[in-house]
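Here are my notes on this one, jotted down as I went through it. Have the viewer open while you read.

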Amino acid sequence: MPDRAPLIDRFLDASGWGAATRAPLAGDASNRRYLRLTQADGARAVLMDAPPERGEDVRPFTAIAHHLRGLGFSAPAILAEDTQAGLLLLEDLGDALYARILEAAPAKEPELYRAATDLLVELHRHAPPTGLAPYSPPLMADLACLALDWYRRGATGDDGTPLRQPLKTTIETHLAALPGTDTVLIQRDYHAENLLWLPERRGVARVGLLDFQDAMRGHPAYDLVSLLQDARRDVAPATAGAMLAHYIAATGVDADTFTTAFHWLGAQRNLRILGVFARLCLRDGKPHYLGLIPRVWAHLQTDLRHPALAPLAALVAEALPPPTPALLSRLRAGRAA
């Protein structure tokens with residue numbers, strides 16, 4: 001990969017941040033990286049380095065950031081950009097990630113999750129931006145099958161080919177039957193590692209937003225699932241139940257219909273994540289994601305217990321082995337049984 005340091009130096013010099021100190025910030029599962037910049041006077045900003053030669057594109061981030069900020073939400077302001085080079089200079093929203101706050105002060109969970117749920121209520125009152133691709137039932141069904149392609153195959157050596165079409169058809173058919181499948185902007189990674197608490201701001205602006213560049217047009221329940229069935233932290237069942245009920249009451253949607261959609265979307269999402277986490281280990285050499293798989297599996301089982309998901313529950317029971325310590329060890333070793 002080409003050395004990007006001279007490119008970054010020129011970009012920061014041109015934007016007035018060339019003399020700032022640079023410190024790495026935690027990244028994500030993509031090829032992007034982030035640097036915190038600090039000027040001599042204490043002013044701070046964040047550099048997003050998203051190399052186009054590694055498949056990254058900053059333009060979706062900028063488009064969604066402008067949309068969200070235009071609606072009054074706390075997405076980072078874009079201070080400078082070079083979309084061709086894959087460089088953005090962003091407002092620094094700080095370090096108060098939901099996950100960090102709740103680790104230190106778990107009693108704040110109801111307050112923080114109520115604010116995050118209220119943000120979704122408000123966001124879903126607005127039409128998604130034009131040109132946003134739909135997170136369609138066929139696409140969602142394909143992505144759910146990553147659980148076969150990577151989790152099952154990595155653990156057993158068999159990708160369950162005869163089960164793929166029944167699994168895909170069942171998921172696609174039931175998702176397509178849900179009303180409102182493409183009516184709102186969904187951020188798709190709306191969870192405690194991507195939300196910041198900004199108590200000095202007011203209303204929904206108290207929730208800082210990160211990592212929304214993969215936003216699409218989807219179902220209103222999707223981001224609520226992402227929030228409440230978090231792969232990275234346990235949300236108290238009382239909090240999850242209260243926030244689901246709060247969203248339903250605040251929006252006036254039919255409770256049974258919305259709850260059924262919530263669990264269908266949860267099952268799809270958790271199947272996809274099983275496959276993605278196994279792929280991150282087997283293909284990308286990131287085995288630490290395996291430690292999250294038991295929680296994802298537990299979320300999946302919760303979804304499958306909903307009566308409407310009985311057809312999918314039977315297929316999953318046949319297709320996917322549970323993540324026992326022995327199975328996770330096989331995935332970690334990168335070899336089939």
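**Notes on the sheet and the helix contacts**

1. Start with a bridge: Arg-22 has Leu-37 in strand 2 as its bridge partner. Arg-22 itself sits in strand 1, and strand 1 pairs with strand 2 in the antiparallel sense over 5 bridges. Two strands count as paired here if DSSP finds at least two bridges between them. Helices (H or I, at least four residues) and strands (E, at least two) are DSSP runs, numbered from the N terminus. Further along this pairing, Pro-24 stands opposite Leu-35 in strand 2.

2. Before you go on, the ground rules: this is a predicted model, with local features needing pLDDT of at least 70 and side-chain atom pairs counted only at pLDDT 80 or more, while totals for chains, interfaces and linings use all residues. Residues are numbered from 1 along each chain as its sequence is written, and side-chain values use heavy atoms, with hydrogens and water left out.

3. Leaving aside neighbours within four places in sequence, Arg-22 is in contact with Ile-8, Asp-9, Leu-12, Leu-35, Arg-36 and Leu-37, where contact means heavy atoms within 4.5 Å.

4. Strand 3 (residues 44-49) is largely enclosed by the rest of the structure, because 5 of its 6 residues are buried. On one pairing, strand 2 (residues 33-38) joins strand 3 in the antiparallel sense over 6 bridges. Thr-38 has Arg-44 in strand 3 as its bridge partner, and Tyr-34 stands opposite Met-48 in strand 3. The hairpin of strand 2 and strand 3 has 5 residues between the strands, and there Gly-42 takes a positive phi near 95 degrees. Strand 3 also runs antiparallel to strand 5 (residues 87-91), with 5 bridges joining them; Ala-45 has Glu-91 in strand 5 as its bridge partner.

5. On to helix packing. The axes of helix 4 (residues 109-123) and helix 9 (residues 237-251) come within 10 Å and cross at roughly 30 degrees. That is why helix 4 counts as roughly parallel to helix 9 (under 35 degrees is roughly parallel, over 145 roughly antiparallel, 65 to 115 roughly perpendicular, and the rest oblique). The residues of this contact divide into 7 nonpolar, 4 polar and 3 charged. For those classes, Ala, Val, Leu, Ile, Met, Phe, Trp, Tyr, Cys and Pro are nonpolar, Asp, Glu, Lys and Arg are charged, and the others, Gly among them, are polar.

6. Helix 9 also packs with helix 10, at an angle of about 130 degrees and with the axes 10 Å apart, so the two are oblique to each other. Leu-244, Tyr-247 and Ile-248 of helix 9 meet Ala-255, Phe-258, Thr-259 and Phe-262 of helix 10. By class, this contact has 6 nonpolar, 1 polar and no charged residues.

7. Last pair: the axes of helix 5 (residues 137-144) and helix 10 (residues 255-282) come within 7 Å and cross at roughly 45 degrees, which means helix 5 is oblique to helix 10. Met-140, Leu-143 and Ala-144 in helix 5 meet Leu-265, Gln-268, Leu-271 and Arg-272 in helix 10. These residues divide into 5 nonpolar, 1 polar and 1 charged.

Definitions and conventions: Axes fitted to C-alpha atoms, helices over the stretch in contact; angles between N-to-C directions. Buried < 20%, exposed > 50% of the residue type's maximum accessible area, 1.4 Å probe, protein only.
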